[in-house]
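Subject: Structure for your files

Hello,

Here is the structure I said I would pass on. My notes on it follow below the display.

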Amino acid sequence: MKYYVLFGPPGAGKGTQAGAMVARYHLCHLSTGELLRSEIAAGTPLGIQAKALIENGSLVPDQVVEGMIESRISHAQGVEGFLLDGFPRTIAQAQVLDQMLEKRGESVTACVSIMIPDATIHERIAHRAHIEGRADDAREEVVENRIQTYHAKTEPLIQYYRQNGKYEEIDGIGTIEEVQARIFALMDKH
Ligand code: AP5
Ligand code: MG
């Protein structure tokens with residue numbers, strides 16, 4: 001099984017690129033952000049717990065997302081691997097993922113990182129705010145907190161995956177098709 005970590009700051013294009021990636025490589029798409037938003041929409045206890053944190057641009061507790069990923073990895077059938085979109089997002093989550101996969105005799109295949117500068121994050125999220133109506137896109141201070149949270153807690157993962165030779169970065173600037181072609185070129189090698 002392949003285990004791709006789809007990495008990048010808010011608005012980098014992870015969700016946008018995920019569909020074509022799962023289709024081409026027969027993967028199961030697991031986006032912790034999307035899973036959490038459906039828990040919120042369904043009003044589950046987990047959704048109620050996560051709502052305030054997400055709407056202020058903070059991360060939900062590691063254990064919450066780790067549990068969501070573990071149960072889905074163990075139940076998925078008929079796929080050749082997983083595309084983990086927005087997970088892991090802290091060093092602790094990355095370590096738990098490694099342990100989870102080690103128990104199955106598996107490991108992360110590659111960390112596919114889509115990189116854009118902070119100014120582009122603001123532009124893309126401002127654009128998406130009018131289209132998708134996501135609560136965490138609506139206020140500038142929340143977007144800023146997401147960016148700061150990314151730099152403080154998530155960016156250290158670049159070094160984590162570099163150290164074990166799994167880090168693959170692509171330039172996220174360009175058309176959606178150009179970025180997709182860069183991603184396919186590197187995934188074809190794994
Ligand atoms: P999550 O849903 O993962 O949000 P995010 O990381 O902030 O990333 P986005 O979904 O905003 O961006 P994206 O990279 O998918 O960009 P997109 O393709 O949409 O997480 C939300 C929240 O949930 C977190 O803040 C946290 O609270 C919680 N959470 C989730 N996972 C967690 C975890 N593991 N641990 C703890 N908490 C967690 O593109 C953005 C826009 O740009 C779109 O409008 C798109 O059309 C456009 N666009 C895309 N590509 C291009 C391009 N090449 N050119 C021009 N425009 C483009
Ligand atoms: Mg997304």
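Gly33 sits in helix α2, where helices (H or I, at least four residues) and strands (E, at least two) are DSSP runs, numbered from the N terminus. With a relative accessibility of 22%, Gly33 counts as partly exposed; buried means under 20% relative accessible area, exposed over 50%, and partly exposed in between (1.4 Å probe, protein chains only). Between the C-alpha atoms of Gly33 and Ile54 there are 8.9 Å, and along the chain the two are 21 residues apart.

Some notes on conventions. This is a predicted model, in which local features need pLDDT of at least 70 and side-chain atom pairs count only at pLDDT 80 or more, while totals for chains, interfaces and linings use all residues. Residues are numbered from 1 along each chain as its sequence is written, chains are lettered from A and ligands numbered from 1 in the order in which they are written, and side-chain values use heavy atoms, with hydrogens and water left out.

The chain as a whole

There are nine helices and five strands in the chain. Read from the N terminus, their order is β-α-β-α-α-α-β-α-β-α-α-α-β-α. The radius of gyration is 16 Å, close to the 16 Å that the globule rule gives for 190 residues, so the chain is as compact as a globular protein of that length. That radius is taken over C-alpha atoms, and the rule is 2.2 Å times the number of residues to the power 0.38. Along the principal axes, the C-alpha atoms fill a box of roughly 40 × 40 × 30 Å.

Of the 190 residues, 46% are buried. Contact here means heavy atoms within 4.5 Å; among contacts between residues at least 6 apart in sequence, 75% join residues at least 24 apart.

The largest pocket

The largest pocket holds about 1,000 Å³ of space. The closest to its centre, of the 47 residues that line it, are Gly11, Lys14, Arg128, Arg134 and Arg146. A pocket is an open set of points on a 1 Å grid over the protein atoms alone where a 1.4 Å probe fits, with protein on both sides within 12 Å along at least five of seven lines; lining residues have an atom within 4 Å of a point. Elements that each supply at least two lining residues include β1 (2–7), α1 (14–25), α6 (118–132) and α7 (140–154). By type, the lining has 17 nonpolar, 19 polar and eleven charged residues. Ala, Val, Leu, Ile, Met, Phe, Trp, Tyr, Cys and Pro count as nonpolar, Asp, Glu, Lys and Arg as charged, and the others, Gly among them, as polar.

Individual residues

The peptide bond from Phe87 to Pro88 is cis, with omega near -5°. Pro88 belongs to the loop between β3 (81–85) and α5. Both Phe87 and Pro88 are in contact with Gln93, as are Asp62, Val65 and Glu66, leaving aside the neighbours of Gln93 within four places in sequence. Gln93 itself is in helix α5 (residues 91–103) and, at 2% relative accessibility, counts as buried.

His26, in the loop between α1 and β2 (27–31), has a phi near 55°, a positive value in a residue other than glycine. His26 is partly exposed, at 44% relative accessible area.

Glu132 is part of helix α6 and counts as exposed, at 53% relative accessibility.

Regards

Note on methods. Grid points are joined across faces, edges and corners, and a volume is the space filled by probe spheres set on the points.
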